Amino acid sequence: QVQLVESGGGLVQPGGSLRLSCTASGRIRYINTLGWYRQAPGKERELVAAITGGTTTNYADFVKGRFTISRDNAKNTYLQMNSLKPEDTAVYYCNAKGQFGPVERTYEFDSWGQGTQVTVSS
């Protein structure tokens, strides 16, 4: 009903940059919050960045000054990642919260993409 697809992951050297993209599709009426999370092997999934409404952003301490989250008017969200470190290696997931369905039967949703692998290594 609401699908999210991530892209842009890959292998990059320390200090390099990547831009992740997430596209939402389905019978979406409104997306309130878009976010990026990551999960490294053996670790918990953690919040990286989120954007609420059009401009309000929230970043984890470990990415402040390096990553930037943004969104456009086409249900897309982006995560620009600069100065990447080996510890940034993880599967990155996008998340969207909002409402979907017809006016007569509207539901709230909290959907996740399948993830995209980011590997930072020499």
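## What counts as a salt bridge

A salt bridge here is a side-chain nitrogen of Lys or Arg within 4 Å of a carboxyl oxygen of Asp or Glu. This is a predicted model. By that rule, the count is four salt bridges.

## Arginine 38 and glutamate 46

Arginine 38 pairs with glutamate 46. Their closest N and O atoms are 3.0 Å apart. The two partners are set differently against solvent. Arginine 38 has 6% relative accessibility, so it counts as buried. Glutamate 46 has a relative accessible area of 32%, which makes it partly exposed.

## Lysine 64 and aspartate 61

Lysine 64 forms a salt bridge with aspartate 61. Here the closest N and O atoms lie 3.2 Å apart. Both lysine 64 and aspartate 61 are exposed.

## Aspartate 88 and arginine 66

Aspartate 88 and arginine 66 meet through their side chains at 2.8 Å, N to O. Each sits in a loop. Aspartate 88 is in the loop between strand 8 (76-81) and strand 9 (90-100). Arginine 66 is in the loop between strand 6 (56-59) and strand 7 (67-71). The pair therefore ties together parts that are 22 residues apart in sequence.

Buried means under 20% relative accessible area. Aspartate 88 has 1%, so it is buried. Arginine 66 has 10% relative accessibility and therefore also counts as buried.

Terms used: Residues are numbered from 1 along each chain as its sequence is written. This is a predicted model: local features need pLDDT of at least 70, side-chain atom pairs count only at pLDDT 80 or more; totals for chains, interfaces and linings use all residues. Side-chain values use heavy atoms; hydrogens and water are left out. Buried means under 20% relative accessible area, exposed over 50%, partly exposed in between (1.4 Å probe, protein chains only). Helices (H or I, at least four residues) and strands (E, at least two) are DSSP runs, numbered from the N terminus.
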